[in-house]
There are 2 protein chains.
Amino acid sequence: MHPTTTDPSSFHVFDTTLRDGSQREGINLTVSDKLTVARHLDDFGVGFIEGGWPGAVPRDTEFFRRAKDELRLVNAVLVAFGSTRKAGTTAAADPQVQALLDSDAPVVCLVAKSHDKHVSLALRTTLDENLEMVRDTVAHLCAQGRRVFVDCEHFFDGYRANPRYALSVVAAAHDAGAEVVVLCDTNGGMLPTGVREIVTEVHASTGARLGIHAQDDTGCAVANTLAAVEGGATHVQCTANGYGERVGNANLFQVVGNLELKQDMRVLPEGKLREMTRISHAIAEVVNLAPSTHLPYVGVSAFAHKAGLHASAIKVDPDLYQHIDPARVGNDMRMLISDMAGRASIELKGRELGYDLSDDKDLVGRVVNQVKEREAAGYTYEAADASFELLLRDESLGRARFFALESWRAISEQRGDGVPVNEATVKLHAKGERIVATGEGNGPVNALDRALRLALERIYPQLATFELMDYKVRLLEGRHGTDAITRVLVETTDGKQEWSTVGVAENVIAASWQALEDAYTYGLLKAGLTPGVHHTEGPNGA
Amino acid sequence: MHPTTTDPSSFHVFDTTLRDGSQREGINLTVSDKLTVARHLDDFGVGFIEGGWPGAVPRDTEFFRRAKDELRLVNAVLVAFGSTRKAGTTAAADPQVQALLDSDAPVVCLVAKSHDKHVSLALRTTLDENLEMVRDTVAHLCAQGRRVFVDCEHFFDGYRANPRYALSVVAAAHDAGAEVVVLCDTNGGMLPTGVREIVTEVHASTGARLGIHAQDDTGCAVANTLAAVEGGATHVQCTANGYGERVGNANLFQVVGNLELKQDMRVLPEGKLREMTRISHAIAEVVNLAPSTHLPYVGVSAFAHKAGLHASAIKVDPDLYQHIDPARVGNDMRMLISDMAGRASIELKGRELGYDLSDDKDLVGRVVNQVKEREAAGYTYEAADASFELLLRDESLGRARFFALESWRAISEQRGDGVPVNEATVKLHAKGERIVATGEGNGPVNALDRALRLALERIYPQLATFELMDYKVRLLEGRHGTDAITRVLVETTDGKQEWSTVGVAENVIAASWQALEDAYTYGLLKAGLTPGVHHTEGPNGA
């Protein structure tokens with residue numbers, strides 16, 4: 001039942017992020033994006049990458065054209081998606097089928113109707129002609145030297161409505177030379193027990209090699225995929241991060257993680273599982289969606305702990321509360337700072353950041369109180385480790401200051417010509433000097449950032465390497481429109497490492513200022529500079 | 001195997017959003033929030049609401065205190081969560097146990113260790129004393145007239161490591177009077193087949209009434225819950241929207257939706273399923289997380305279609321591509337506007353908005369082109385129906401204008417006193433007048449909104465009813481920090497309906513201006529006002 005294998009001929013990990021995944025609301029990939037995603041998928045070690053529908057979608061035609069020169073795949077082969085030929089013609093004469101051949105993809109995945117009602121209502125042809133369309137198209141593509149997989153659309157509903165016809169489609173594809181017949185839960189309405197039963201029956205009655213394609217409309221796409229494998233399927237179609245139409249497809253990383261770590265199957269090349277978290281996040285970045293924090297295995301919250309109850313046990317043995325060692329999927333255990341956290345959590349978080357707090361109960365108490373107070377005001381230290389470390393440092397060593405602000409001002413304006421202009425001025429004191437600097441930018445925060453850099457760069461040349469990577473704005477009281485408290489998260493890099501800081505204010509610009517001030521202060525500390533120190537209350541050095 | 005019931009004594013829908021759900025990273029509930037969530041859950045018809053851990057968490061103590069006066073539950077009863085007594089004492093003498101009684105909750109859910117390793121390493125007591133702690137605490141609470149459920153923590157791992165001991169914990173709880181023994185996959189590492197097997201075995205060997213508590217670390221929490229029900233469990237613990245520690249818990253709405261719609265079980269009072277989408281979104285609002293758009297059943301994308309292939313078939317018969325009628329869960333089919341959309345999608349979207357475009361092929365073509373061009377520039381009409389309707393109206397009737405902008409300017413400033421000030425001025429022409437107005441606000445966009453209102457309210461008094469509900473900012477090129485293109489989405493209401501508009505610019509304030517201009521224009525049109533009309537190119541009226 002559970003093949004142990006690294007041989008892609010005995011088990012297929014088939015990714016359709018670039019075809020079905022790109023149907024997700026909010027995703028809109030350029031050809032360059034698609035090439036980049038394909039490289040990440042190949043790097044992850046999937047066997048098959050479905051690139052799109054050449055001929056039907058112009059940018060997919062272009063993708064296959066550019067892929068010939070620009071993609072050097074190591075683990076995967078490219079798959080062109082297409083349809084069985086039109087009714088009333090021949091596959092050889094159908095331009096859509098010809099476009100699949102023209103793509104030069106070594107594998108073609110053909111969608112075929114297998115639900116009788118869909119044949120008559122959507123395709124508007126006869127049941128027999130549909131079978132002939134499957135046979136003819138598969139045979140034609142095989143004769144041209146292509147490997148052919150057939151996606152039986154709406155298979156499970158079709159099988160329940162008319163099992164004999166659904167099976168005849170599987171048989172037609174198999175007999176005509178299709179290497180794999182993929183049973184698709186196209187509308188995503190199945191549950192695992194039903195999937196396992198039907199896959200088992202189809203496997204027994206046709207002898208065809210079977211695959212599974214599951215949509216997630218019952219929240220069971222991953223489980224349905226595993227159930228199909230239990231039923232005899234040896235080909236799984238998935239998408240990175242579960243992207244797909246409506247609620248999405250079976251999540252590649254969850255399916256592969258479960259097969260390898262829970263079912264002891266080897267479906268990826270050796271060592272690739274450890275790349276999972278990195279590749280999940282990289283693909284999210286390319287498709288321009290924030291990586292979902294709560295995804296199994298790869299989410300930043302997947303191995304995060306905040307309950308005081310758990311935190312104290314985790315100090316004893318991390319394995320007590322983790323289903324796997326997060327390093328196996330390239331993720332990491334993380335302690336969350338939050339007002340639910342007890343002293344144990346703060347100590348663990350300090351240890352993670354390199355501070356041993358176990359001997360200083362007073363300091364831990366002060367930090368716990370500060371965190372509670374500031375989180376109540378809207379700060380979040382869970383997402384801003386650098387601001388938390390500054391808070392910890394403030395409480396132990398006194399506030400780190402590389403400059404003292406006198407004032408800032410940002411102006412945005414749009415005149416009759418329709419071109420907005422933005423200008424910001426900062427006035428500050430650093431190393432005994434008073435500095436006034438003005439920056440322009442394409443927005444008020446950008447102008448403020450430039451003014452601050454300009455003011456400080458001469459005195460602290462290390463600033464030149466800092467770059468703002470990401471800038472996020474969140475309104476904390478969504479019901480009050482532009483009236484709400486604003487939280488800004490800023491991610492900064494010096495080219496070697498990245499750090500996150502937070503600011504909270506009623507005003508997006510004031511909140512941004514706080515996050516920028518923390519970002520530059522933290523960066524200068526990391527660069528080894530010594531700040532002017534203002535002792536606050538804590539007498540204890542750490 | 002599948003009880004058909006509305007009787008909460010034969011099947012328990014047990015919600016733990018307020019206890020386990022609130023462990024999710026980013027959730028931080030006040031007592032008032034908890035009371036509001038409890039009302040929504042009761043309204044949805046769950047049988048049990050676990051409110052927190054009175055005695056251990058001060059705000060949970062307060063929740064149970066206030067609940068006595070302020071909660072009028074119709075369908076649910078409140079459950080206090082707590083732990084078995086400490087080692088080496090008696091339940092009657094343990095203040096933690098007394099606090100559970102003091103909460104006056106009619107049901108207590110006790111967490112108990114059932115994994116031998118956890119007993120020795122985390123609890124640091126003997127296996128026998130742990131059994132005695134279970135017996136003593138259950139018996140004491142039952143003697144005080146409470147119904148008692150017992151959560152066996154880490155049951156599945158424990159059962160695999162030491163089945164005899166794990167079963168002895170179940171038996172101890174059962175024999176001492178626990179009504180339900182809940183098998184918990186605390187670290188979330190299980191898959192459905194294993195859950196079904198173990199639940200079946202435990203059911204057969206102990207005769208106890210069993211429940212299931214599944215975490216989602218393999219992406220299978222919903223399927224694991226269903227598998228447990230197949231194995232004989234008649235009590236399911238879930239959280240609204242799957243909130244919970246790490247990646248979350250079994251999603252209440254998916255579990256209930258699947259049991260009722262796919263398994264033909266009745267687990268909620270009649271008619272409640274249709275409230276699912278509304279209640280899911282309302283709870284997301286209270287816990288201050290954006291409702292996840294891609295959740296099965298309740299997400300705004302759950303019944304959204306964008307592929308041209310599907311759109312044309314959906315015109316024939318929506319049921320061809322939907323696993324259920326979305327009205328059954330209070331959701332709705334939605335056509336997405338996107339540059340992947342063909343003419344069929346635009347026609348369907350027009351129909352959804354009340355425009356019959358089927359006779360005007362030119363108009364549809366122009367709208368498709370406009371949408372493609374503007375989405376390429378960063379606009380998204382999927383999330384901004386009002387801006388799309390304005391675009392449609394522009395192309396058919398000419399641009400709707402209630403005012404013409406001369407200029408705007410926004411200034412944010414922070415001086416030595418640390419208090420930021422914000423001021424905006426707009427200059428515009430409306431109904432033949434030139435108007436200059438200045439607004440102050442707690443941020444630049446808020447100041448701009450107030451200046452625009454002030455300028456227009458005298459001429460268009462209908463504006464007084466408009467209120468900004470939500471304001472979202474997204475950077476479209478996350479890699480470039482404050483340098484990126486900014487997309488702003490604004491949600492506005494007139495007290496009766498809500499509408500969403502979009503603006504895109506390099507500058508957050510300029511983007512906000514566009515979205516505000518669309519929002520006010522759309523609102524005035526909906527209020528029945530006739531704009532000044534500037535015919536652009538289209539000769540065809542709609």
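Trainee: Which residues of chain A does UniProt list for "domain: Pyruvate carboxyltransferase"?

Mentor: The model before us is predicted. The annotation comes from an unreviewed UniProt entry. In that record, the domain is placed in chain A at residues 11-277.

Trainee: How far apart are the end C-alpha atoms of that span, residues 11-277 of chain A?

Mentor: By composition, the span is 44% helix and 17% strand. Its end C-alpha atoms are separated by 22 Å.

Trainee: What percentage of the residues of chain A count as buried?

Mentor: Chain A holds 17 helices and 18 strands, and its C-alpha atoms fill a box of roughly 85 × 65 × 45 Å along the principal axes. A residue counts as buried if 20 or more other C-beta atoms lie within 10 Å of its own. Of the 542 residues in chain A, the buried share is 55%.

Trainee: Are H8(A) and H9(A) roughly parallel or roughly antiparallel?

Mentor: Helix H8 of chain A covers residues 192-206 and helix H9 of chain A covers residues 221-230; their axes lie 8 Å apart at an angle of about 30°. Angles under 35 degrees count as roughly parallel. Therefore H8(A) and H9(A) are roughly parallel.

Trainee: Which residues of H8(A) make the contact with H9(A)?

Mentor: The crossing of these two helices is right-handed. On the side of H9(A), the contact involves A:Ala223, A:Asn224, A:Ala227, A:Ala228 and A:Glu230. On the side of H8(A), the residues are A:Pro192, A:Val195, A:Arg196 and A:Val199.

Trainee: In chain B, what is the orientation of H1(B) and H2(B) to each other?

Mentor: Helix H1 (residues 31-44) and helix H2 (residues 58-70) of chain B pack with axes 9 Å apart, at an angle of about 50°. Angles under 35 degrees would count as roughly parallel, and those from 65 to 115 as roughly perpendicular. H1(B) and H2(B) are therefore oblique.

Trainee: Which residue of the hairpin of S12(A) and S13(A) takes a positive phi?

Mentor: Strands S12 (residues 404-414) and S13 (residues 420-430) of chain A pair in the antiparallel sense over 10 bridges; within this pairing, A:Glu413 has A:Val421 as its bridge partner. Between the strands there are 5 residues. The one with a positive phi, near 80°, is A:Gly418.

Terms used
Residues numbered from 1 in each chain as written. Chains lettered and ligands numbered in written order. Predicted model: local features only at pLDDT ≥ 70, side-chain atom pairs only at ≥ 80, totals over all residues. Helix = DSSP H or I, 4+ residues; strand = E, 2+ residues; numbered from the N terminus. Buried ≥ 20, exposed ≤ 12 C-beta atoms within 10 Å, placed from the backbone. UniProt positions renumbered as here; feature names shortened; annotations may be inferred. Pairing = 2+ DSSP bridges. Axes fitted to C-alpha atoms, helices over the stretch in contact; angles between N-to-C directions. Parallel < 35°, antiparallel > 145°, perpendicular 65-115°, else oblique. Left-handed = near helix turned anticlockwise from the far one by under 90°. Contact = placed C-beta atoms within 7 Å.
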